[in-house]
Amino acid sequence: MNTPTSNAKFTEMPSKRLGQTGPTVSLHALGTMTFGAETDESDAHRMLDLFVDRGGNLIDTADVYSDGASEEMIGRWGKTRGHMDDLIVATKCRFSPTPGSQGGSRRAVFKRVDASLRRLNLDSIDLLFIHGWDDETDVAETLAALGDLVRAGKIHHVGWSNVTGWQLERICSAAAVNGLPVPCALQPQYSLLERGIELEVLPCALENGVGLTPWSPLGGGWLTGKYAADKRPTGQTRLGDDPNRGVEAYDKRNTERTHSILRAVSAVAECHGRPMSHVALAWLASRPGVASILLGARNADQLAANLDAADFALHEEEIKALTQASDAPLPDYPYGFVRDWSGVAHWDRFRAS
């Protein structure tokens, strides 16, 4: 099968253990939210082949991606390949519960995991994320269900996605107190444009030994430099299809802060003769707790271009400059007050001095 190539000399993709208890994962992960939506099955399989050929091992999907079609495409690819024992397959449940059940309930989690296993054509899921907080289900119930699934051999590791700091602490504390699976992974939005997790979520993750697999590392395409301040996006791009796309929406992100960050990224990229996307990915890879970065793409050409960033690292002064350009002041209270009177070592690590 033909796959895109570039002039880059490929090296072995770096890898890291996911949190204190998770599997060893590649620096770049393949995010498959486009499968069955913007990406048809033949292109999806090309992307999977390319990703594995380039040394990637973490494939990330969810039961709600294209109503299960993403999982099905991965399952058929794996069946054609013959095995997926050398890969880490992650999926999620929460937002499409079985009728009559809450998303984080025991019944829903069991049934959604069984459905994902069928679609993925697997006997077990390497990493199951709960896709978000369920305020109507006691987190101890969700954790107990996950523990039973681990003991049954249906899942190996657990994680959470899109939670606040206090929610993550409740999850980790309830797991530790009750002898239930402590998450090894957290999947938040994180990039030069979105650093909100650094206030509470990331410190909590680091304190509990939870590794990060960030989504939207390129800010929905903003950090590639393809969106201009004076021209609304059109055509086959993430925001061209839908300029009002959630937290990445054009009008929401089209600010002076965004364009100031883009200028800083562009300057570093020009010095290295690299695309802006490589600079943004390298900055994120340097952040504490980040184990594997989700790369979402519509086609294999886009994926290949981003995979070329795997061997690229920034100098310390460049990381500092980008961190400073994307920094936002701490809210005066309680954060500024706590910093001034008590000090928070984690914040000192995250912020520009």
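Helices α9 (residues 256-272) and α12 (residues 316-325) have axes that come within 8 Å of each other and cross at roughly 165°. That angle makes α9 roughly antiparallel to α12, a label for angles over 145 degrees; axes are lines fitted to C-alpha atoms over the stretch in contact, with angles from 0 to 180 degrees between N-to-C directions. On the α9 side, Ile261, Ala264, Val265, Val268 and His272 make the contact, and on the α12 side Glu318, Leu322 and Ala325 do; contact here means heavy atoms within 4.5 Å.

A word on the model before we go on. It is predicted, so local features need pLDDT of at least 70 and side-chain atom pairs count only at pLDDT 80 or more, while totals for chains, interfaces and linings use all residues. Residues are numbered from 1 along each chain as its sequence is written, and side-chain values use heavy atoms, leaving out hydrogens and water.

Now find strand β7, residues 155-161. Helices (H or I, at least four residues) and strands (E, at least two) are DSSP runs, numbered from the N terminus. Because five of its seven residues are buried, β7 is largely enclosed by the rest of the structure; buried means under 20% relative accessible area with a 1.4 Å probe, protein chains only.

Which strands pair with β7? Strand β6 (residues 125-130) runs parallel to β7 and is joined to it by five bridges, with Ile125 partnering Ile155. Strand β8 (residues 185-187) is also parallel to β7, through three bridges, and Ala185 is the partner of Gly159. Pairing requires at least two DSSP bridges.

Conventions
Buried < 20%, exposed > 50% of the residue type's maximum accessible area, 1.4 Å probe, protein only. Parallel < 35°, antiparallel > 145°, perpendicular 65-115°, else oblique.
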